[in-house]
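Good morning. Please look at the sequence and the structure on the screen, and then I will go through a few parts of it.

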Amino acid sequence: MFRERIEEHYANLTPGFRRLADFILNQTLDVAFLTATELSRRVGIDPATVVRFSQEIGYSGFRELSREIKAYVRGEIAQTYHKAVEAGNEEDLVQALFASKAQDLEQFATTEAPHLAQALKMLQNAERIWIVGEFPSYDIARYLAESLVPLGIPVFHFAPSMVEVAKATNDMQAGDVLLALVFGTPGVDTGHAVKLANAKGIPTVCIADSGTTLAAREAEMAITTPGQSPLDIGSFAISLLIIATLKDALLSSKKEATLAHAAEVQSGIEAARQEAPGN
């Protein structure tokens, strides 16, 4: 096992090799999803050093080391899933599910965060944003659109029915960006909306819990979120967190407007309470 090999050779490693060894031991989940070049960037060494390190501790190269690390990570994730399935009481179940979500989020941060950052830049530069989703994704699309009011630009949400897609794509213009959300469904109609937007030259972003959906395949930028639970049921947990993170990032440059909007909403709620019967 790679951990035992690193520990066996650690005392004789060069400072550069030790830095790499420490990263592999402490950030094993990250390393499982990195290429030799990506790993070298993260550690601040030359890519050739990654290969030489692998050979130094007894592997033919980084590819062989990486395969062993991936197998180890798969085993760890499977163990977490088994803990959830075999939980003896409610507290054990909750703890196991938290551990599973933490692993999912860490994996997402390693593999998809750069893509999310690119999507964020596309949306920040948009003159108008269109958000499409069907079934449960429609409600998430509506929530996100309403949350982005403080941006000060038009943000529209729509369901991908034939009529609404035709109207939305007809109204789209240069400078707009389409964001497609696909969670818990195949999202075929959403995929057609993305395809039509592409045909009109509109930049498209898709956030989906499966990279095989039509929308994810058609979108200019696709971001895949973990969508499974250890209990073998669909889960929106990480997807919702990613949407909330995207919202916060978009609003980060509009703090005053965001606070003013929140105060306005709260004022409206208080006014409604005062007008309610019995008050």
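At what angle do helix α2 and helix α5 pack? This is a predicted model, in which local features need pLDDT of at least 70 and side-chain atom pairs count only at pLDDT 80 or more, while totals for chains, interfaces and linings use all residues. Residues are numbered from 1 along each chain as its sequence is written, and side-chain values use heavy atoms, with hydrogens and water left out.

Now the answer. Helix α2, residues 15-26, and helix α5, residues 47-56, pack at about 80°, and their axes are 10 Å apart. Helices here are DSSP runs of H or I with at least four residues, strands are runs of E with at least two, and both are numbered from the N terminus. Axes are lines fitted to C-alpha atoms, for helices over the stretch in contact, and angles run from 0 to 180 degrees between N-to-C directions. The two helices, α2 and α5, are therefore roughly perpendicular (65 to 115 degrees; under 35 is roughly parallel, over 145 roughly antiparallel, the rest oblique).

On the α2 side the contact is made by F17, L20, A21 and I24, and on the α5 side by T49, V50, R52, F53 and E56. Contact means heavy atoms within 4.5 Å.

Next, a second pair. The axes of α8 and α13 come within 10 Å and cross at roughly 45°, and that makes α8 oblique to α13. From α8, the residues in this contact are L116, L120, L123 and Q124; from α13, they are I242, L246, A249 and L250.

Which residues touch the most other members of the largest nonpolar core? They are I131, L179, L181, V205, I207 and L246, in a core of 30 residues. A nonpolar core is a set of buried Ala, Val, Leu, Ile, Met, Phe, Trp, Tyr and Cys residues joined through side-chain atoms within 4.5 Å. Buried means under 20% relative accessible area, exposed over 50%, and partly exposed in between, with a 1.4 Å probe and protein chains only. Helix α13 gives this core its largest share, six residues. Leaving aside neighbours within four places in sequence, L179 is in contact with residues including L123, I131, V205 and L246.

Last, a loop residue. G175 is found between α10 and β3 and is partly exposed, at 32% relative accessible area. G175 and M122 are 53 residues apart in sequence, and their C-alpha atoms are 9.9 Å apart.
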